[in-house]
Amino acid sequence: MPTISVDEHTKVEWEEKLTRYFSDDDARTGIHVSDLTLCLRQTILTRLYTPSIPAMGALRFLFGRAFEKLVFSIMLPEATQELEVSEGGIEGHIDFGSEPYDFECKFSWKYVKDDPSDLFEENFWWLDQAGQYAVMRRRTACKFAVIHVQPIPTLMIYHVEWTTRELSDIWERATRGRDYIIGIQEKLKVDPDDMSVLPMRLPSPLSGKMCKGCGVYDICMSLPPKKRRKE
Ligand code: SF4
């Protein structure tokens, strides 16, 4: 048996490269579907500060990209990758714009569930995001291609069908979020130092799930935790 050891030096070097590669130096502009589906505080902070993506987040991103590339080249070569959509000042990119259904590609570290609704409940933002796309595309259904990594990689295709009422609720939430973000941006234009206007930090247990890979975690924690009434 040869001598085997962990090469910490190269590991750290690679992690730093990954982090740099996926960190976004350009200030984010416009309002995107993804800005409205997770943490609104993060949405504002990523416009004020340069996010720093942890190596773990960068790796997950890389997995997702590799999977999308595979789906595009083998399964859906006729689809439009990253199809641009926009409505009511909200912009988005559908993973694969296709007929008659658009596709979203996801990676899941969870086992395949007996009831697929459980998977979508745990990842509620997937449906918020895809629901906004459905509204923009005047559709009521879409498909998800999901690789479940554990216990052995398994590809699942899920069909999602909304009622018009469900889609109208999703769109109503999205436009409310859009207006809220615009309102905060306006206040920050008047007083850029007034961080008391920031949205609240995510409450537990959501924070446990979402904050781990957040690119503005340190900044978020160094600022007031929630909106305060001005003196
Ligand atoms: S650390 Fe959590 S609460 Fe703070 S901005 Fe990021 S996701 Fe939101």
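I began at Arg138, which lies in the loop between α5 and β5; helices here are DSSP runs of H or I with at least four residues, strands are runs of E with at least two, and both are numbered from the N terminus. The model is a predicted one, in which local features need pLDDT of at least 70 and side-chain atom pairs count only at pLDDT 80 or more, while totals for chains, interfaces and linings use all residues. Residue numbers start from 1 along each chain as its sequence is written.

**Entry 1: backbone exceptions.** Arg138 counts as exposed because it has 7 other C-beta atoms within 10 Å; the cut-offs, for C-beta atoms placed from the backbone, are 20 or more others within 10 Å for buried, 12 or fewer for exposed, and anything in between for partly exposed. I then turned to Glu82, another residue that is not a glycine and has a positive phi of about 55 degrees. Glu82 sits within strand β2 (residues 80–87), and with 12 other C-beta atoms within 10 Å it is exposed. For context, I note that most residues other than glycine have a negative phi, and that most peptide bonds are trans.

I also looked up the cis peptide bonds. One joins Glu99 and Pro100, with omega about -5 degrees, and Pro100 belongs to the loop between β3 and β4. Another runs from Gln150 to Pro151, with omega near -5 degrees, and Pro151 is in the loop between β5 and β6.

Entry 2: Does the span of α5 (residues 124–136) agree or disagree with 1.5 Å a residue? Its 13 residues should span 18 Å and its end C-alpha atoms are 19 Å apart, which agrees; the expected span is 1.5 Å times one less than the number of residues. The buried residues that I listed in α5 include Leu127, Gln129, Gly131 and Tyr133.

The largest nonpolar core has 20 residues, of which Ile90, Ala130, Tyr133, Ala134 and Ala145 touch the most other members. A nonpolar core is a set of buried Ala, Val, Leu, Ile, Met, Phe, Trp, Tyr and Cys residues joined through C-beta atoms within 7 Å. Two or more residues of this core come from each of β3 (90–97), β4 (103–108), α5, β5 and α6 (164–190), and α5 supplies the largest share, 5 residues. Apart from this core lies another, of 6 residues, among them Ile44, Leu45, Val216 and Cys220.

Returning to Ala134, and leaving aside its neighbours within four places in sequence, I found it in contact with Arg139, Thr140, Cys142, Trp162 and Leu167; contact requires C-beta atoms, placed from the backbone, within 7 Å.

**Entry 3: the ligand shell.** Which residues come nearest to the ligand? Of the 13 around it, they are Cys39, Gln42, Cys211, Cys214 and Cys220, where a residue is near if its C-beta atom, placed from the backbone, lies within 6 Å. The elements giving two or more residues to this shell are α2 (40–48), α7 (206–210) and α8 (217–222), and α2 gives the most, with 3 residues. The shell holds 9 nonpolar, 2 polar and 2 charged residues; Ala, Val, Leu, Ile, Met, Phe, Trp, Tyr, Cys and Pro count as nonpolar, Asp, Glu, Lys and Arg as charged, and the others, Gly among them, as polar.

**Entry 4: exposed sites and the whole chain.** His9 belongs to helix α1 (residues 8–22) and counts as exposed because it has 8 C-beta neighbours inside 10 Å. His9 and Gln129 are 120 residues apart in sequence and, C-alpha to C-alpha, 39 Å apart in space. Asp194, in the loop between α6 and α7, is also exposed, with 12 C-beta neighbours inside 10 Å.

The protein chain has 8 helices and 6 strands, and its C-alpha trace spans about 65 × 60 × 30 Å along the principal axes. Of its 231 residues, 19% count as buried. Among contacts between residues at least 6 apart in sequence, 70% join residues at least 24 apart.

How values were computed:
Two residues are in contact if their C-beta atoms, placed from the backbone, lie within 7 Å.
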